[in-house]
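Please read the following paragraphs alongside the sequence and the coordinates.

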Amino acid sequence: MYILRVLLFIAAILGGFAYIARQIPQEVSMPPEEEKFDAAKVKTVDDVVEIGQKIFFGKGQCALCHALGGGTSGRCPNLGGDNPVGIKLTREFEYETYTQPNAYIYMDYTNSPPKRFAARMPEINKPPIGLTEPEMLTVFAFLQKASGPVEITPEEIIALANPRKEESGQSAPAHLEIVSLGDAVSGKATFEKFECVGCHKIGEILGGDKGPDLLPALKKKEIVAIRSAIFEKSDAHQSYDEKMTVKEMKDILSYLAGFKTAKEVETLAGHVAPTAGGGI
Amino acid sequence: MLFLFVFVGVLGCQPKQVAEGKKTFNKYCSPCHGESGAGNGYNAKNLDPHARDLTDASEPYMAKLSNQEIYEVIDKGGRGVDLAPTMPTFGKVFSEQEIWSLVSYVRTLHPYKGEAVKFDEAKPYNAKRPRSESVTEADFTALMESKIATDEVKADLTTLGEELFDEYGCIGCHKVQGKGGLLGPNLSRAGFMLQPQFIYRWVRNPQSFHPETRMPNLDLPEEDALAVTLYLSTLKDPAFGGDGTGRELAGVVSK
Amino acid sequence: MNQFRNFLKRGGWLILLSLGFFLLGTFLKGGFAFAEEAGSAMAEYRDIPGIGSRNAIWVIAQLHILFAGFVLGVPMFALTCEYIGYKTGDIRYDKLAKEFTKLLTASFGTTATFGAILLFLLVGMYPKLFNYLSGVFFPTFILYAFLFILETIVLYIYWYGWDYMAGRKKLHLFMGLLLNLVGLAIMWTADAWLSFQASPVVLSTSMGYWERLWAAVHNPTWNPVNIHRVIGNVVLGGFMCGAYAGVRYLGSKTQAEREHYDWMGYIGNFIGVFGLLPLPFAGYWLMREVYEYNQQMGITLMGGVLSWLFILQAIQIGVLFLGANYYFWQGLAYRARVEARYKKYILAMVSVLILCFGVWLTPHSLVASLSEARAMGGTHHPILGVFGVMSAKLTVVNLMILTTFISFLLYWRANQTATVSWAKAALYFQYFLFTVAVIAVISLGVYGYYVPAVVRVKILSTAQVLVVLFVLITVTPLTALSLKSAKVTGTMTWGVMPPRSQYVLVSNGILVILTMTLMGYVRSASRVHFHIYGVMRDTSAYAYTPSVGFAASMMAGTTFAFCLIVLFIFWVAGLPDKAAKKQVAEDTSSKLAIPTGGNG
């Protein structure tokens, strides 16, 4: 039957194709290892930069839009070449860019009149990218390396990666640390969960007398200092390092940070509990 | 015969320079002076005084100037010829040839019966752009240490910087707190965003970072640049976004 | 039934419609909730023992796409044929369009079946991926379902109402147009999902729901894939119909049948070839978008692990061009009987084609390691120098296109002498045009070696394309005009083509199908170890990229399976006609039968 002849012909073509394909060098391409950030691997500045580079081209997805010198894609700012962000931008602004990318709208000034870049930058610390703080800092170290000297030290990365393991009295200087805060609403619940009001009051918010009124301290001190107070063991205050999760810590700090900017709340006149040395 | 050759050569060359001048004009000048030179560029409405109307629509101002005078305005800037500082200084950025080409193009924008700009093949203008020295971070650090002895000195320099910002005409291109031009980035948050050493190095020599930038090298002396840097470093206003409009930013954690 | 009709007439339709909208709204709202629901613990992958989940999806998806391509491509030229029949009054075209549509309708159910199987497999075996995609694209799923219902309705009306609407051709043509539009919409909806997987836009949580959806749909490779597939569908449909006609020709028993299928094969092949000509440009645009979107992916495709696949593609397309040209030359020899006159030209063309094929086939040096590519962020990459050999390849593609066009022109002009006064001038002008085009294409190709990649890709290759397109667009109407009322000096004899020409039709069809399977694989493989490139990693056991040999075996096997299914469908679709013929033959023979008995 002619149909059989046709089928045979078809089989011959397909067979020939498969045969030719097998003559080409055969190679199975395996997926690369998933990168997990390991603070223990961070020893030198080069380590930091290397990790940052891997993240930039890998899980950070930065290279999807940003070029590092050379030509521009027009989709978003070039991070090298004419625009050496490493030596140009402050850390605070970098952090804002990562976490609130649309707080400042970058314009393309090579255009006349200037116009917005085509792409919108996503929040880097949230899914799907979800970089942690030490990872973000390594990326910035990599960007610094791309245009000048690196000013980020491995110690800072390690400190950020292990917030509970800070040596007492040797927390990183406040202006070098990126402090990220969590969710204030959950923080209030956490505050209640750990029954801080058992010892502390905050201005008009009733609480116990064993510890001092938190409001003046909250207004005066930096968040990092308050963090130290909660998580380091001192004579007056037990350490909550082991008891709280990192998320709970961030939430509580966010909640407490709200008091810094709140309007003045009257403290109960003259009532300041004595503290037994040290403490806040 | 030679004269004819030179004559033809001169005339023949004119359009080329005019074309070059036009390219330069469209990139650097049209944002304020407009595509036709009428002083209606997209940045013009932010300028006070307004950008010069180069077409002489209302009065024959440009026609009365000599070529050399126009050259000087471009070369020295408004500040250098006692006019508005918002006309930037281009002498440290453009080559002689470029400025003369610009002049020859500008001449085509308004009715002019005077002498044309001469481009001599035998004695061409210098076509190389002036190169200024790069400024390093170490320069900045050294300057800071030598000039800023006390907090008071710093405060005085900062105040001076604010004045200089207007005097040098920066406000013509940059917006600060709602006032100023659209040509360059909004500087209301310059202190928050930019490292001070970068601000200093950029202000003193923008072309060392970005050779094709529209920001001119205004030839600021060291101290003036330092003052402006200190002033800009104080600008951390969170309410203004980069698109030049004032915007409330929700949820910014102020430090 | 009557009561229901009354109910509808008296406003019941309004109630039903509202109910429908309400249900739709609930669906959508449910969709939102579905999208917002936090992922609970669920299986990420499921496997099928033996074949493996990835391979199962590969085969089913491929079959679905092949059928879908056919089902979407055929209406385009069926409608065109019907329209030509309507305008010229030549009933052959209308009958041809109907025959094409018969094949289409028979395949439609199979397309949907494979689509449904594919969906089940995806949902069952890749729940993690599907959950993510549903979260982003759910409204498009609903849209897709509605479009399918719409297409079914329109297709049924178009096919079953063909003869019934013979008196109202315009309405029928409108149905055909509707069918095409709905088909396009279906394809473009599905294209959003697969293009998003390859070129996702990072979806920020600060975007609104519909904003995110549109950004995801409107991703960088969506439109290039859309256009490429529209043209590709036409090519697939054309060559498959040509192959069908070729097979039927081989099995024809009467001269009338042979003539009919010869002609049908010619038309089908013609559509395929002319759709083929712009196709590389659409593919090239797609490649450019990939490069602009993500250099990494572009380099993987053209210079890295997947670059050998493009050599295979070169082989396929080269053989396809040879086959298409050969068919025209056979036509010159057997239908127009003018082979002798054109023999030397044919020889020249064969040489050109083989030479170009050879250049196209040559593998260029491959990238040493991808880590080098990762270290650079800019456009001017040392590895892109490899892409520079693309300059040669594009040149020869253009030359092959021009050669094929010349073959077609020879065929077109065969046995006709132009009678218009300016015929000779037009001819010389065409010689001139072709000469200039060939010189231009080669010059641009050579020049391409001396300029940076950006100039080459953006300016020179575009120029080459435009030159060729210009020739095509100018010469075609010129020839048509110059041949108006031309003197026919020989006849076109249909139905006398040798069997080998029909085998060429079959091989053309097979090669096009194989090319589709290959390019589909390339697109999927460009994601490497990601489900959604750069966003969602593939953490299953099948995350690796298989070897070229294995992939080719899968493609060949799938193509063969497709051929078997198609043979079955087309055979089955032809049974009613066979039965009708048998009936007619029986009736005739019974009428002619000498009555037994009676007067002796």
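Read along the sequence, chain B runs through the pattern α-α-α-α-α-β-β-α-α-α, which amounts to 8 helices and 2 strands; here helices (H or I, at least four residues) and strands (E, at least two) are DSSP runs, numbered from the N terminus. This is a predicted model, in which local features need pLDDT of at least 70 and side-chain atom pairs count only at pLDDT 80 or more, while totals for chains, interfaces and linings use all residues. Residues are numbered from 1 along each chain as its sequence is written, and chains are lettered from A and ligands numbered from 1 in the order in which they are written.

Of the 255 residues in chain B, 38% count as buried, a residue being buried if 20 or more other C-beta atoms lie within 10 Å of its own, exposed if 12 or fewer, and partly exposed in between, with C-beta atoms placed from the backbone. Among the contacts of chain B between residues at least 6 apart in sequence, 63% join residues at least 24 apart, where two residues are in contact if their C-beta atoms, placed from the backbone, lie within 7 Å. Chain A, for its part, comes to 10 helices and 2 strands, arranged along the sequence as α-α-α-α-β-β-α-α-α-α-α-α. Of its 280 residues, 31% count as buried, and residues 24 or more positions apart account for 65% of the chain A contacts with a separation of 6 or more.

The confidence of the prediction deserves attention before any detail is read. The model scores ipTM 0.78 and pTM 0.64. For chain B the mean pLDDT (the predictor's confidence in each residue, from 0 to 100) is 82, and 87% of the residues reach 70 or more. Over residues 7-12 of chain B the pLDDT is below 50, and this stretch has 4 contacts beyond near neighbours in sequence; over residues 241-255 of chain B it is also below 50, with 29 such contacts in the model. Chain C averages a pLDDT of 83, with 86% of its residues scoring at least 70. Two stretches of chain C have a pLDDT below 50: residues 29-40, with 8 contacts beyond near neighbours in sequence, and residues 365-388, with 43.

Two packed helices are described by the angle between their axes and the distance between the axes. The axes of helix 4 (residues 127-160) and helix 5 of chain C come within 9 Å and cross at roughly 160°, the axes being lines fitted to C-alpha atoms, for helices over the stretch in contact, and the angles running from 0 to 180 degrees between N-to-C directions. Helix 4 of chain C is therefore roughly antiparallel to helix 5 of chain C, given that angles under 35 degrees count as roughly parallel, over 145 as roughly antiparallel, 65 to 115 as roughly perpendicular and the rest as oblique. Helix 4 of chain C passes helix 5 of chain C in a left-handed crossing, a crossing being left-handed if the near helix is turned anticlockwise from the far one by less than a right angle, and right-handed if clockwise.

The axes of helix 5 and helix 7 of chain C also come within 9 Å, crossing at roughly 135°, and these two helices are therefore oblique to each other. Their crossing is right-handed. The contact involves C:Leu184, C:Met187, C:Trp188, C:Asp191, C:Ala192 and C:Ser195 of helix 5 of chain C, together with C:Trp222, C:Val225, C:Asn226, C:Arg229 and C:Val230 of helix 7 of chain C.

C:Val225 lies in helix 7 (residues 222-250) of chain C and is buried, because 25 other C-beta atoms lie within 10 Å. Leaving aside neighbours within four places in sequence, C:Val225 is in contact with C:Asp191, C:Ser195 and C:Leu286. The buried residues of helix 9 of chain C include C:Leu286 and C:Glu289, and the C-alpha atom of C:Glu289 is separated by 9.9 Å from that of C:Val225, 64 residues away along the chain.

Finally, two loop residues call for a closer look at the backbone. B:Asp56, in the loop between helix 1 (2-33) and helix 2 (67-80) of chain B, has a positive phi of about 55° although it is not a glycine. C:Val528, in the loop between helix 18 (499-525) and strand 3 (530-532) of chain C, has a positive phi near 40°. B:Asp56 is partly exposed, with 18 other C-beta atoms within 10 Å, whereas C:Val528 is buried, with 22.
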